[in-house]
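Colleague: I would like to go through the labels on this model and hear the grounds for each one. Please give the cut-offs as you go.

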Amino acid sequence: QSNLLSNFVNRIQERRVIEAADGVIFTSRETLGAVMGKYPASWASKTFVLPHSFDPQLYPKVVAKQRKVIVRHLGNFYGARTPYPLLRALRLLWDRDREALADVEIELIGRVPTGMHWHPVFRALPKDLVRIIDTIPYSESLRLMSEADLLLVMDAPAQLSVFLPSKLIDYVGAGKQVMGIVPPGTSASLIQRLGGSVADPTRKEDVVDALRSALHEARRRKSNGAGVWGDPGVRSEFLPERTAGDFLNILKAVVGARLLS
């Protein structure tokens with residue numbers, strides 16, 4: 001009942017904010033469509049898309065140290081977004097193709113679901129395969145991204161997800177291989193454009209296949225000393241000079257429309 005009331009109040013407040021605004025910025029076209037589909041079509045003229053960006057100067061230079069293939073997920077789990085699709089896929093891989101997990105270490109950095117340590121799927125895994133690390137400062141997260149061999153994005157099941165986490169753009173800045181256990185939508189599209197693999201969290205066999213493939217590629221890249229990962233053209237979309245220029249154009253458009261009104 002409290003959720004129904006809060007949702008009702010939030011919808012009213014959202015409408016008031018958007019109606020009163022001279023410009024409304026969204027981080028993806030999918031989010032724009034999901035929100036603005038509820039409102040008059042005439043309001044679309046004051047909407048804009050401006051993605052997150054990454055600052056290359058914030059990432060440390062990396063010196064290869066570890067022999068293991070390091071897989072990391074950085075960020076907190078909450079609500080329906082859980083690590084269990086990953087853990088189930090790991091268990092299946094361990095049973096079917098143990099060699100795929102040889103010399104692999106997986107780190108979940110941030111808050112995990114309460115009771116995960118006692119969950120059967122977690123307890124069924126080898127004890128040294130998955131490590132849980134507490135929340136860390138942002139600068140430390142960029143270092144750990146840069147030192148990883150494979151970075152994971154995980155999202156809650158949905159028919160279409162408009163979720164574009166800023167963490168994914170930080171991953172892009174790290175220039176390391178990315179895999180998504182995500183439903184169709186914004187994150188899946190970006191990861192695929194970069195050249196990464198994705199699997200819907202509700203399709204466990206797809207998650208197993210995508211994870212096996214991603215680990216194979218990460219191991220190959222590590223042995224070959226591969227450089228920056230990700231399509232250069234796609235990565236450039238999130239550089240600060242690009243987004244700053246786009247933001248300046250948005251400001252000019254909003255101010256110009258306001259002066260003409």
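Modeller: A polar contact is a pair of N or O atoms within 3.5 Å; within protein, one atom must be able to donate a hydrogen and the other to accept it, and residues adjacent in sequence count only if both atoms are side-chain atoms. The model is predicted, with local features requiring pLDDT of at least 70 and side-chain atom pairs pLDDT 80 or more, while totals for chains, interfaces and linings use all residues. Numbering runs from 1 along each chain as its sequence is written, and side-chain values use heavy atoms, without hydrogens or water.

Colleague: What makes the pair Thr202 and Asp200 a polar contact?

Modeller: The side chains of Thr202 and Asp200 come to 2.7 Å, and the limit is 3.5 Å, so the pair meets the distance criterion. Thr202 sits in the loop between strand S8 (197-199) and helix H8 (204-224). Helices (H or I, at least four residues) and strands (E, at least two) are DSSP runs, numbered from the N terminus.

Colleague: Why is Thr202 called exposed?

Modeller: Its relative accessible area is 55%. Exposed means over 50%, buried under 20% and partly exposed in between, with a 1.4 Å probe and protein chains only, so Thr202 is exposed.

Colleague: How do you know that Ser141 is buried?

Modeller: Ser141, in helix H5 (residues 138-147), has 9% relative accessibility and therefore counts as buried. Its side chain reaches the backbone oxygen of Tyr138 at 2.5 Å. Ser141 also touches Leu74 and Ile136, residues up to four places away in sequence being left out; contact means heavy atoms within 4.5 Å.

Colleague: What is the length of H10 set against?

Modeller: H10 (residues 240-260) has 21 residues and spans 30 Å between its first and last C-alpha, close to the 30 Å expected at 1.5 Å a residue. The expected span is 1.5 Å times one less than the number of residues.

Colleague: Which residues of H10 are buried, and why are they said to line one face?

Modeller: They are Thr243, Ile250 and Val254. Seen down the H10 axis, they fall within an arc of 30 degrees, so they line one face of the helix; the arc is taken over the directions from the axis to the C-beta atoms. Strands S1 (24-26) and S2 (47-49) are among what covers them. The face turned away from the buried side carries the exposed residues Glu241, Lys252, Leu259 and Leu260.

Colleague: What kind of aromatic pair do Phe54 and Tyr59 form?

Modeller: The structure holds 2 aromatic pairs. In the pair of Phe54 and Tyr59, the centres are 6.3 Å apart and the planes 80 degrees, making it edge-to-face. Rings of Phe, Tyr and Trp (its six-membered ring) pair if their centres lie within 6.5 Å, and planes under 30 degrees apart count as stacked, over 60 as edge-to-face and the rest as tilted. Phe54 is buried at 4%, and Tyr59 counts as buried at 13%.
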